Structures are given as C-alpha cells and as structure tokens.
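Here is a short report on one protein chain. It covers strand pairing, nonpolar cores, a loop residue and salt bridges.

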Amino acid sequence: MKRLLAVLGTVAMIGAAVLARGALTSDGGGGGGGSNGGGGGDGATHLLCVPELEAACQALADEDDDITFDVEEAGDTAERLTDEAFRASAEDIDGWMTLEPWPALVNERRVRANQSLVLGETSDVLSTSPLDLVGPTTRIDPLISSVCESEPESPVWRCLGDNAGRPWGDVGGDVTFGAINVGYADPTESATGLLILGQSSAEYFDAFARRTFARNDFDSGFQTWLGDLNDSNPSLPTTTGSPLDQLLQYGPSSWDAVGDVEWVAQSKVAGSRDEEALTVTYSSFMLAEAVAVPIAGHEIPDFTDGDFRNALTEAGYENPTYDVDPESVIAPINAGVYEALIEEWELAT
C-alpha cells in the first residue's frame with residue numbers, strides 16, 4: 001500500500017473521512033523552526049503541528065524561512081485552546097496544522113463552556129491518508145485471515161475488539177504467542193488515536209451497513225468491548241510513545257496489531273530493524289484528513305498554493321485521488337459523537 005499524506009495542501013491527513021466527517025450522529029518540542037513567528041502581520045508565521053504532520057511542517061519551514069513551528073499532540077493543543085485563560089490576540093501562535101475532527105472538537109468544547117471561539121475558518125482538506133494495521137507478519141496475518149476470517153481490505157476492528165486479551169490458543173493460534181494484544185494511541189491525546197476510536201466504534205455498531213450511528217446507541221456492551229480493547233496490551237516496561245513506537249522498540253513479541261495512519265506507519269516501519277518481519281495492511285474505508293486552521297485574529301498562508309504543495313511532495317507526501325462508492329462508506333462522524341466516544345473511552349478505561 002502506498003503511503004499517502006501528501007503535500008500540505010496535503011498536510012491534512014485524516015480526520016474523519018470517507019468514512020467519517022460530519023455526522024455520524026507533545027511533546028511540545030518542535031521541529032524545524034526555532035523562534036516564534038508573530039501574528040502573521042509581518043509575514044512571519046508560527047504554527048502548531050500535530051506529530052502526524054511534523055514532516056510536512058518541516059518541509060514548509062525549509063521552503064519558507066518565515067514559517068516556524070512547534071510539534072504538539074492534538075489533545076494538548078485542544079486543552080490549550082479551550083483553557084478559559086487563552087486569549088487569541090495575545091498569542092504568538094498563528095495557526096494549527098492538524099487532523100479532523102480536532103478543530104470542530106475545540107469549537108464544540110468552547111461552545112459548551114459558553115466561551116467565544118478562538119479558531120478561524122478551517123481550510124479545505126489538504127491531503128488524506130487511510131488508517132492501517134501494523135503487526136508482526138506471523139501474527140497479524142492469522143488474526144485477519146483466520147481469527148477474523150476477513151480479507152485484508154475488510155473492516156476488522158470489531159473482530160479485534162471481540163478477541164482482545166484472549167489467549168491465542170483459544171482461537172487456534174500458537175499458544176506461545178500468549179494473549180492477543182491489539183491497540184492504538186490514546187484518543188484523548190492523539191489525532192490518530194481518536195480516528196481509530198471512531199473507526200473501531202463504527203465497526204462495532206455495523207455502521208457500514210447502517211450508514212450511521214449515534215451516542216444513543218452506546219450501551220453497557222459497547223463499554224465492555226471498549227474496556228477489553230483498552231486492557232489488551234503487552235504490559236511493556238514503559239508506555240512512552242504510541243503502540244507503533246512500542247512495537248518498533250520491543251519487537252514482534254510485543255503488540256500483535258496496532259492501528260496507525262498509513263503514511264506514518266509506512267515511514268516508521270521502513271528501515272526499522274524489524275521491517276522484514278512486519279506487515280502494514282489497509283484496515284478500513286476511513287481516511288485521515290489534514291487541515292490548517294488559523295487562530296482567530298491571525299493569518300496563515302494559503303497552504304493549497306502550488307509552492308507549498310511542492311515542498312510537501314519533496315518531503316515524501318502524496319496527494320491521491322479516491323474514487324469512493326458512496327454506498328461503501330458511512331455518514332461522517334460529527335464532533336459531538338466524537339466527544340461522546342471520548343467520554344465512553346474514559347469510562348471504559
């Protein structure tokens with residue numbers, strides 16, 4: 001499977017996607033750009049970028065000396081932007097390069113708190129990337145084909161959740177593999193983790209057939225299923241990094257399958273010590289969507305401009321075109337449902 005995240009006009013990655021985008025009703029460290037940029041009025045632009053888009057932001061900074069950025073997890077930026085003490089006019093942050101649905105989530109939270117909005121208009125989707133599963137070939141292949149009796153491009157998260165934590169021996173697998181450990185990043189912090197929570201939940205409620213699901217569908221069975229999925233982990237000595245980072249650190253005997261964005265998965269697996277032992281496989285008709293959004297009162301460049309797209313292309317991004325049958329996807333998941341999913345996940349954990 002090709003990597004896709006494309007150029008910043010393609011800096012966008014999934015957000016809710018073909019499968020989700022509207023109504024299914026940090027490390028703080030920063031890369032490339034040193035000092036803060038100003039409010040955009042002097043031509044300088046300072047961005048916050050989710051880790052999934054760090055390479056794209058670096059490409060932009062390399063292309064334009066007036067662009068600087070810091071890297072921060074989506075959940076940390078959302079907390080910053082929803083703090084009642086946040087004042088857009090006093091900030092040196094001009095814009096946010098992130099994945100859907102995080103800008104809408106920030107707006108939703110501020111509205112619920114009777115706060116004024118602090119984000120400008122979200123850009124058109126700049127680029128997309130599907131969600132993938134990554135795991136040791138000797139484990140992820142039998143998980144998909146035997147345990148889940150699924151084709152590689154079929155939805156499998158409902159099955160993974162149903163079997164999370166079960167001994168491999170109970171499902172006809174190698175008893176030496178121990179328990180089935182599957183997972184994804186914390187959806188309260190990670191842009192990718194939230195998307196995979198949405199994807200897996202949509203599969204739980206069979207939204208591919210029903211075309212939609214809503215928070216009033218949530219029941220005790222769903223919370224138990226989420227809890228089992230969350231409890232399924234290899235109990236590694238450290239929990240730093242995403243499950244994919246941990247898989248690459250501890251090797252094929254750790255996680256059996258983890259979810260991540262395709263472009264991130266492909267780039268991290270390529271050249272790793274266990275590259276030949278790992279499989280990256282498509283997991284859903286759901287896309288990550290990358291977007292740019294200005295802070296209220298600030299300006300950011302038009303990231304759909306050709307020069308910026310070229311910079312992203314040079315960074316390794318692609319901007320694919322998807323020919324998607326509307327009947328093969330569900331209605332988009334809106335911010336309110338994502339917020340409810342986060343609440344359910346927190347209760348389940």
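Which residue is the bridge partner of L133 in β6? The partner is G259. This is a predicted model, where local features need pLDDT of at least 70, side-chain atom pairs count only at pLDDT 80 or more, and totals for chains, interfaces and linings use all residues. Residues are numbered from 1 along each chain as its sequence is written, and side-chain values use heavy atoms, with hydrogens and water left out.

**Strand β6**

Strand β6 spans residues 257-261. Of its 5 residues, 5 are buried. Buried means under 20% relative accessible area, exposed means over 50%, and partly exposed lies in between (1.4 Å probe, protein chains only). Strands are DSSP runs of E with at least two residues; helices are runs of H or I with at least four; both are numbered from the N terminus.

β6 pairs with strand β4 (residues 127-136). The two run antiparallel and are joined by 4 bridges. β6 also pairs with strand β5 (residues 182-183), in the parallel sense, over 2 bridges. There, G183 has V258 as its bridge partner. Pairing requires at least two DSSP bridges between the strands.

**Nonpolar cores**

A nonpolar core is a set of buried Ala, Val, Leu, Ile, Met, Phe, Trp, Tyr and Cys residues joined through side-chain atoms within 4.5 Å. The largest one has 78 residues, and W96, M97 and F213 touch the most other members. Helix α12 (residues 335-348) gives the most to this core, with 8 residues. Apart from it lies another core of 11 residues, including V134 and V258.

**A loop residue**

P301 sits in the loop between β7 (278-294) and α11 (306-314). Its relative accessibility is 24%, so P301 counts as partly exposed. The C-alpha atoms of P301 and A44 are separated by 9.7 Å, although the two residues are 257 residues apart along the chain.

**Salt bridges**

The structure holds 9 salt bridges. Each is a side-chain nitrogen of Lys or Arg within 4 Å of a carboxyl oxygen of Asp or Glu.

| Pair | N to O distance |
|---|---|
| R158 and D162 | 3.1 Å |
| K268 and D245 | 2.7 Å |
| R273 and D274 | 3.4 Å |

R158 and D162 are 4 residues apart in helix α5 (residues 157-163), so about one helical turn separates them. K268 lies in helix α10 (residues 262-269) and D245 in helix α9 (residues 243-250), so this pair ties together parts 23 residues apart in sequence. R273 is exposed at 61%, whereas D274 is buried at 17%. Salt bridges with shared partners also join E108, R112, R215 and E343 into one network.
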